[in-house]
2 protein chains.
Amino acid sequence: MEPAIKYRLIKKEKHTGARLGEIVTPHGTFKTPMFMPVGTQASVKTIAPEELKEMGAGIILSNTYHLWLRPGEDIVEKAGGLHKFMNWDRGVLTDSGGFQVFSLAKLRDISEEGVAFKSHLSGEKLFLSPEKAIQVENALGADIMMSFDECPPFFESYDYVKKSAERTSRWAERGLIAHQNPATQGLFGIVQGAGFEDLRRQSARDLVGMDFPGYSIGGLSVGESKGEMNRVLDFTTPMLPEDKPRYLMGVGSPDALIDGVIRGVDMFDCVLPTRIARNGTTMTSQGRLVVKNAKYSEDFRPLDPKCDCYVCKNYTRAYIRHLIKADETFGIHLTSYHNLYFLINLMHQVQDAIEQDNLLEFREAFFEEYGYNEKNTRNF
Amino acid sequence: MEPAIKYRLIKKEKHTGARLGEIVTPHGTFKTPMFMPVGTQASVKTIAPEELKEMGAGIILSNTYHLWLRPGEDIVEKAGGLHKFMNWDRGVLTDSGGFQVFSLAKLRDISEEGVAFKSHLSGEKLFLSPEKAIQVENALGADIMMSFDECPPFFESYDYVKKSAERTSRWAERGLIAHQNPATQGLFGIVQGAGFEDLRRQSARDLVGMDFPGYSIGGLSVGESKGEMNRVLDFTTPMLPEDKPRYLMGVGSPDALIDGVIRGVDMFDCVLPTRIARNGTTMTSQGRLVVKNAKYSEDFRPLDPKCDCYVCKNYTRAYIRHLIKADETFGIHLTSYHNLYFLINLMHQVQDAIEQDNLLEFREAFFEEYGYNEKNTRNF
């Protein structure tokens, strides 16, 4: 049987671990490294599918936990799957719900079998197991699915993280068995192990032994420093096979994206660009710009004079500021569009830099202009 | 001097007072009768300018009161006017702020000079006079401007309405004198007089004597019945010159639009389509459809199977319901788009019916299918 997801390595960068590649899915092919916009509830907030295509998105992420609770995976399945439900004919990736159960739901109780918890919407008692998560993901019909995992806090004890990572590996194996559609949906394993090198290595070995069509790196960007994240990537990605895609979950700041690529990561996702957009904050080539600030009230330049996106070609900081101050959602639409374009386009520039073997120079120039420095390592 | 706004009568319908025409503005020409989407704060809520063009909008309305308060007309003027500020190169009409002063602002005090009131945003004491309103409208730079008027409640006493309408005529004359840009902005006079025939006639005579390039009919759709509105139109529009456009302010329900056209109205505007959209209510050829209702949760048909708009071609009731229930603003974007298209397209159908001299038959068929009847005269 042909796997649903295929990775083709095009080129390795000379001076770093970065790789140029492409991922073939049942809904199109996209180049890597790349960034995935997040459509938690089957909609990338305020953005139309046509606009996602216009900005160059090849795949988006949607959340199993949210869709399971509302509208229910049965309704999405009856609609013909997530692609048809939301009018999106390119790739879709669903997470497993694990992260949300641990971050959103209340009163959870973890056992070998799975996790009992209360819905953050209704308070209803629910139970999610590896099998149940896969069943929901099969019904949703995304091109790429995630195994059900536990994402423990980064600074949990060694003993806890060890037990948790071992269980996550057992859950991954149960998910693989439960998976009904391997010909049309590719299931990824998720490497856990927090900041512990031997646990990360063991987790990677366990999962690689199960031969998933791709591997995710979970449990990062959960409060640890950028340096910690890079340290973990340094010893984790070399454990993963070269002929499979590598996905760093929940990472979306420009510096972390570039540093992840340098360490061999192919895929990223994060709510950051749309979340900060709703607060009037934008990413520009000169660093972040809080467009709702008073100083932009008569600034008739685009958000980013170096950007060629739809928003920067047509709207001024003054107008966008006015809309956001006046609670006009079109303002948030514009900042969301720009921020998503910024990260997608950043990854296109990174692809070019890999092609030209000058990613480190690109990084230096980008960090310099964006204003990253030793004291400002968490600035997005 | 060439007037900024020209009306060309193309054809009168044989059996009613309806007229097919076109209005030439400094930002394009559009056919009448037509409906104007409302962009209160320089944005038609959730809708991009490109989408307004796609749905066939030739002109939109924006609110002087709101823009005067925020961001301030000086900022819009510095941006190059409202068209450039909001990235819209077709027609714009601004009201005078009068209606908002009387409906939104607090503690108002009306004198011959103008109206003192408190801002609904900051509580600041403000004063709006005919001259001030025109000054703000000149700075905003819309193609069509409204005179500053008082819009009294429909059921006010005869004496009050008489005094108010007479003052509105004097205010109209002061506005005409204050108007700085007659070559690029056309100022309309507003007929008032509530439900009193002699007052409406006197108001129309006063204004027509001042030779405005167009006439608005104000003080309707403020709580009176549809029958009352039609009764007022029956004796008001015949008082207005045939070679000038007629604009019925604030009217947006499908039946009132058709009945207004039959009585010789050319232009309409209303927040209704976008306001009800935000509550999950849509207009369809079979009447209104509250898509957020539970019965649509597994309904995979478009909002209106007879509609050929972007929304109806691409999204289902089930998906839109899900988005609205999940507080995803993309859902409101879709209902807003559909409702605006519905009214713009309804006016296109009305134009065809005038062309074919069968507007009464069209009205009958439309009312029947929409579900209007004697007992349901206020259904939108």
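A:Phe99 lies in helix α5 of chain A, a helix being a DSSP run of H or I with at least four residues, numbered from the N terminus. The model is predicted, so local features need pLDDT of at least 70 and side-chain atom pairs count only at pLDDT 80 or more, while totals for chains, interfaces and linings use all residues. Residues are numbered from 1 along each chain as its sequence is written, chains are lettered from A in the order in which they are written, and side-chain values use heavy atoms, without hydrogens and water.

Because its relative accessibility is 41%, A:Phe99 counts as partly exposed (between buried, under 20%, and exposed, over 50%, with a 1.4 Å probe and protein chains only). Not counting residues up to four places away in sequence, A:Phe99 touches A:Cys151 and A:Val222 (contact means heavy atoms within 4.5 Å). Helix α5, residues 98-103, also holds A:Gly98. A:Gly98 is buried because its relative accessibility is 0%. Leaving aside neighbours within four places in sequence, A:Gly98 is in contact with A:Phe148 and A:Asp149. An unreviewed UniProt entry places the feature "binding site" at eight positions, among them A:Gly98, A:Phe99 and A:Asp149; such annotations may be inferred rather than shown by experiment.

Chain A also meets chain B, with 34 residues from each chain in the contact. The two chains bury about 2,900 Å² between them, counted as the accessible area (1.4 Å probe) lost on being put together, summed over both. Four salt bridges cross the interface (a side-chain nitrogen of Lys or Arg within 4 Å of a carboxyl oxygen of Asp or Glu). A:Lys78 forms a salt bridge with B:Glu298, with the closest N and O atoms 2.6 Å apart. On the side of chain A that touches chain B, α13(A) gives the most, with five residues.

Key:
Helices (H or I, at least four residues) and strands (E, at least two) are DSSP runs, numbered from the N terminus.
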